[in-house]
Amino acid sequence: MSTDTTGTDAATAITDSPGGAKRERLYRYLLFASASVSILVTLGIVFVLVTGALEFFGQYNPLDFFLGTEWNIDQHKLGVLPALSGTILVTVLSAMVAIPIGLAAATYLSEYASPRARSILKPALEILAGIPTVVYGYFALVYVTPFLAAFGLPVGTFNVLSASIMVGIMIIPMVSSLSEDAMSAVPDSLRQAGYGMGATKYEVSTGVVIPAAISGIFSSFILALSRAIGETMIVAVAMGQSPQLLQFAEPLANLFESNQPMTSAMITLVQAENAAGVIYQSMFAIGLTLFVVTFAMNLVSNWIAARYREEYE
Amino acid sequence: MPTGEAEWHGAESEVSQTRGRVFEALCLSATSIALVSVLVLLLYVANDAFKPLSADPGWHLVILVTLVLPAVGLALYYYRIDEPAGEVAYTVTGLPIVGFLLAGGLGVVFAELLAIDEYFALVIGVAAVVALLFAHTRLRPTAPLERVVLAPLLSIVVVFGTPPAAIAQFIGPDDWQLVVDPAVTVPGLGWHLDLGGFALTVPGLPYRIVSLPELVLKSPVLPLPSLQLLAALTLPIAGLAGWFVGRRHESRQDGLLATGLILVGGAATLALEPATGVAATTWLVVYTTTVVPLAVYVEGVYRRGQLAGLAFPVVLVAGGLAGAVLTRALGLAGPDVWLDWGYLTSAPNSDPALAGIYPALVGSIMLLIVVVMMTFPIGVGAAIYLEEYAPSSGLVGKFVTLIEINISNLAGVPSVVYGLLGLAVFIRWAQIPNGSIIVGGLTVGLLILPIVIIAAQEAIEAVPDSLRQASYGMGSTRWQTVRNIVLPEAMPGILTGTILALGRAIGETAPLLLVGIAASVRLAPNSFFDLGSAMPRQIFTWAFEPQAEFRYGVLAAGVVTLLVVLLVMNATAIVLRNKFERTNT
């Protein structure tokens, strides 16, 4: 086919011939179709989740699902609150790990690090995001839990704490790289103005750069949290298979016992002996809840980044 | 202002300096704490997988002296004094590693998926299609549209025989069968396809056109497998290498010479079978994926005269050999590693000493094949449309904006949700067997499609506009510009992004769990419709084995295998990107 462009007479013939124009149009349609696949995927997800969830709610009272406090697959008791508490626990704890560390790492990379240190640390942090999550789960189960137990913490084999620490470490790169992008986008003139006022580097970092980049930083937090909510494998390996309501009497006991968030509850459901009927459809109800929450968080994150962005010339 | 003095910044300079230093130290330690903790965990896994402490102390000493010290010394020399040579050193060391991995992948494909004679027949079929299309270009250069229609038709008829019956026979399980149903079809005209519960009848079409590969396979005289491989694998690679060398030397003769030499070398490997007892086909695969790229690269290094870098692999190999010989002579026991050849080539077992990862490895490779075949064309096509064709205004323009927003949001959807999509669409609706490789591949493919699209878009965006303008100025149409200018220029970037996305795909587990990929299989899958396992799925299964030998042995070895594959893929992508970025500026 290489003669199309090498032979001049052939090339002119093609652009002049009606076949050439038709071919151009055909390719445009083909490419357009492949670009539309992504829309189809979204529509597919929404359709599948909504129809599945509707079928489920036809057989199972939505109130019992959303407000039910009991979770027992064998007895078909499928209240989502215990699994929701698992999700909230993991999200809050992992945020407590990832937000301070990620923000500090972003500040260091953007304000303090020499170009050479940056060129090593930044890709190294991104490697953290590339490790498969099942491997993080293995780390939590096999190394972190015995490590915590060696410190005298009363942790079970499967527990919330080690899984949450690992989820936190996994989402650090997300916080650090997005926050760093926001901080690097703050123009140097603002920093120079701070120094001109006699401020130290610390004062410029905390008093000028971080406030100026705050919208980007917040949007990175929200994205990281949505990632933590959707995380499946770490919690499926290391956190156990029994969703439990939060115990307010003994707050710390929540951390040392096993629990199960919504994501890995779906894994248990699909692997259940009688994974048909209500059990099968309940996955779609949980999936829809998960999808709506994470999708809304992603939208909010984009909106904050765009709406509250300080515009600099 | 009575306390005006104290309000000035810097009035308490001592205090604020310490505060600043403490803050910087805190930030640095936060950055390192994440990295160090994961590094420590990785060291723990490596320790569990390789158990270096189980070796004789003398063994460590010998290896340190023969291998580690010379290699570290040389690496320091490159780092301090001769940086270009260091680059040559890591490329020339990394190429064989990538080559061996590729050889392993090809070996798995030939052993499980596509026997060598089937591959040979397939290559002949594809070559025939290319030849026919080329002939058409020559005979009817003014009918491009005809060719566009002809290409897929010819491929189907020549390569697969009558559609889709032969396709089913080609990739499908044994219980898919083609029967002539007298109730619905005139004998010899029309076909009825029974896909195990999913039946399709189309009357009126010719019953069967035998495909070219089938004809080849049925022919009574087929060359030896090694010769088939020489023709179907080494010959195309040799041609490619020859073209590359010819372009580098600006001499067609040199290129032909290179092709000839590579073929002669390939023929020479056939003589290794009687000498070593290892099959000639194995030698040929290793030769083609490892020796050929290495030779082409070394030839380039030789031309540039950067020979210092070539010393590194020589030191590594010589040191390793010397260490092996010495430790054997002195009777020093090496470590009792979990991750050894036996582990890589045997099936999962309830006895940890016998357990291996082979079927899961095969499953992962086949999964990746499905993912690539699905995401690469769609992802690149979508990126081309969004970057080169999409209008920015009007109704279509609005739709395009929607697509762009949608793609970035899809990348944030939890992976379990994709698993649900796969479960409902591919298994419940399309009735593809639960847990088959193709379902897993398609589901993971949907998951990484947005990543591939975004990466390809970035690569296409980076192509300078002046090139496009020049092409349009020469009278090219949009498609000609895309095909001849934009795609070749953006291809390294697209490949880098795709390899990185595949790295994500190989570690994905949650969607595989939802579409029922097997917890563990004893026999490796032989077709895309077979039930299969995958490496991360197998790791998940092993994580619940209570025995310590599994937790701290078999499981660690599995994790290291997965991470090594991932590391090699990512390193390849990064080297590719660096090389491309440098030549571009």
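**Reading the interface and the fold**

Modeller: Let us begin with the contact between the chains, bearing in mind that this is a predicted model. Chain A contributes 81 residues to the contact, and chain B contributes 77 residues.

Biologist: Which helix supplies the largest share of the side of chain A that touches chain B?

Modeller: That is helix H3 of chain A, residues 18–59, with 23 residues. Sorted by class, this side of chain A holds 51 nonpolar, 23 polar and seven charged residues.

Biologist: How is the size of an interface often given?

Modeller: It is often given as the accessible area lost when the parts come together. For this structure I have described the contact by residues instead, 81 from chain A and 77 from chain B.

Biologist: What is the secondary structure of chain A?

Modeller: Chain A has 15 helices and two strands. Its radius of gyration is 26 Å, whereas the globule rule gives 20 Å for 313 residues, so chain A is more spread out than a compact globule. The C-alpha trace of chain A spans about 80 × 65 × 35 Å along its principal axes.

Biologist: What percentage of the residues in chain A is buried?

Modeller: Of the 313 residues in chain A, 47% are buried. Among contacts in chain A with a separation of 6 or more, 73% join residues 24 or more positions apart.

Key:
Residues are numbered from 1 along each chain as its sequence is written. Chains are lettered from A and ligands numbered from 1 in the order in which they are written. This is a predicted model: local features need pLDDT of at least 70, side-chain atom pairs count only at pLDDT 80 or more; totals for chains, interfaces and linings use all residues. Helices (H or I, at least four residues) and strands (E, at least two) are DSSP runs, numbered from the N terminus. The radius of gyration is taken over C-alpha atoms; the globule rule is 2.2 Å times the number of residues to the power 0.38. A residue is buried if 20 or more other C-beta atoms lie within 10 Å of its own, exposed if 12 or fewer, and partly exposed in between; C-beta atoms are placed from the backbone. Two residues are in contact if their C-beta atoms, placed from the backbone, lie within 7 Å. Ala, Val, Leu, Ile, Met, Phe, Trp, Tyr, Cys and Pro count as nonpolar, Asp, Glu, Lys and Arg as charged, and the others, Gly among them, as polar.
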